[in-house]
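Please open the model in your viewer and keep the sequence panel beside it. The tour goes from one selection to the next and says what is there.

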Amino acid sequence: MSADSDHFESVAQRAQAVRLALGVFLASETLLFTAILALVVGYRATWPEAFAFGVHHNTKVLGSINTVVLLTSSTSLAVALEMLRTGRRRVATALTLFTAACGVAFLAIKITEYEHHFAEGIYPGGRGAFFVAHPIAGLPAFWTLYFLATGFHGVHVLAGVGAVGYRAIRMPDATEIHRFEATALYWHFVDLVWLFLWPLFYLA
Amino acid sequence: MSPIRLRIVVGLLLAVLATASFVASFGHLGSFALTVALSIATIKASLVLVFFMEVGKQSASFKLALAAGVLLLVTMLALVATDVSLRRGPSWANETTSPRRADDSSL
């Protein structure tokens, strides 16, 4: 009896179950980030000047480099999936490893950003010398939400690096491509979230 | 166009749009800056959803689950926007520091 026949009648049925489970998981993840986005919308409408000041003071170049890194990683994983579908496993593995490397680079840049903030006296909760020098109403809210949103996102990137890295090591065969698809869907979702965090905290 | 080439083209398009967002952030767009930035972000997100996540090819159950998430997102943002727009009277927004808790001894 194969592993697939333990719980499912066929591999196709199993693939369907995996996709549905991932859909529900991504919906719940959407709700998590929605809660943070709602806070950003509410506080930003209340303190527009403080948020504009916060955005202006943020590490725009590093945040933008991270955007390019994530977009590159998503593209490489999408191409890797197509390579796997057409039987080019070696190229697919290389591209998947490259995606994981991009994830590590993203986290390294994010840590560099945090170090820069801490050096300036910017800590979550409005603590630090920066807030003494700039006693602007709403500024602590901006930076607290920034750390909250990017921190949560960073944890998701870290999990994604683990999942993508594992997938590169254990590349599925032709009948198990839905496993790779599930990993790719999660990684693209993490990319999607960043596409909205970037403009909200770095650009405008 | 082959699927692989299509994904590479989409990737390049995403890079172009990201560059446009970055350049636009240096323009003096005033209150339109956020609208422009989020509009470009929405276009990029749509490209990722359609070409990378292949939402169009997914099963109806997957689409339903994803739609539920989006519906929750829209509902929550609409409720917050409504709450903020309908607030009246003196607001804690005018305080020089963040809102203090009711049990704050300095009150």
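What follows is a walk through salt bridges, a histidine and a pair of helices.

This is a predicted model, in which local features need pLDDT of at least 70 and side-chain atom pairs count only at pLDDT 80 or more, while totals for chains, interfaces and linings use all residues. Residues are numbered from 1 along each chain as its sequence is written, chains are lettered from A and ligands numbered from 1 in the order in which they are written, and side-chain values use heavy atoms, with hydrogens and water left out.

**First stop: the salt bridges**

Side chains of opposite charge can pair when their charged atoms come close. A salt bridge here is a side-chain nitrogen of Lys or Arg within 4 Å of a carboxyl oxygen of Asp or Glu, and by this rule there are eight salt bridges over all chains.

Select A:Arg19 and A:Glu181, whose closest N and O atoms are 2.9 Å apart in a salt bridge. This pair links distant parts of the chain, since A:Arg19 belongs to helix H2 (residues 11-46) of chain A and A:Glu181 to helix H8 (residues 177-203) of chain A, 162 residues apart. Helices (H or I, at least four residues) and strands (E, at least two) are DSSP runs, numbered from the N terminus. A:Arg19 is partly exposed at a relative accessible area of 24%, whereas A:Glu181 counts as buried at 15%; buried means under 20% relative accessible area, exposed over 50%, and partly exposed in between (1.4 Å probe, protein chains only).

Next, select A:Glu82, which is buried with a relative accessible area of 7%. A:Glu82 forms a salt bridge with A:Arg85, the closest N and O atoms being 2.6 Å apart, and because these two residues are three apart in helix H4 (residues 60-85) of chain A, about one helical turn separates them. A:Glu82 also forms a salt bridge with B:Arg7, with closest N and O atoms 3.5 Å apart. That pair joins two chains, because A:Glu82 lies in helix H4 of chain A and B:Arg7 in helix H1 (residues 3-24) of chain B.

**Second stop: a histidine in chain A**

Select A:His153, which is placed in helix H7 (residues 139-169) of chain A. Is A:His153 buried or exposed? A:His153 is buried, at a relative accessible area of 1%. Its side chain reaches the backbone oxygen of A:Val190 at 2.9 Å. Not counting residues up to four places away in sequence, A:His153 touches several residues, among them A:Phe33, A:Leu70, A:Phe106 and A:Trp194, where contact means heavy atoms within 4.5 Å.

Now show chain B, which has three helices and zero strands; of its 107 residues, 27% count as buried.

Select H1(B) and helix H2 (residues 32-52) of chain B, which pack at an angle of about 170° with their axes 10 Å apart. Axes are lines fitted to C-alpha atoms, for helices over the stretch in contact, and angles run from 0 to 180 degrees between N-to-C directions. H1(B) and H2(B) are therefore roughly antiparallel to each other, as angles over 145 degrees count as roughly antiparallel, under 35 as roughly parallel, 65 to 115 as roughly perpendicular and the rest as oblique. The contact is made by residues including B:Arg7 and B:Leu14 of H1(B) and B:Ile40 and B:Phe51 of H2(B).

Definitions and conventions
Polar contact = N/O pair within 3.5 Å; in protein donor to acceptor, adjacent residues only side chain to side chain.
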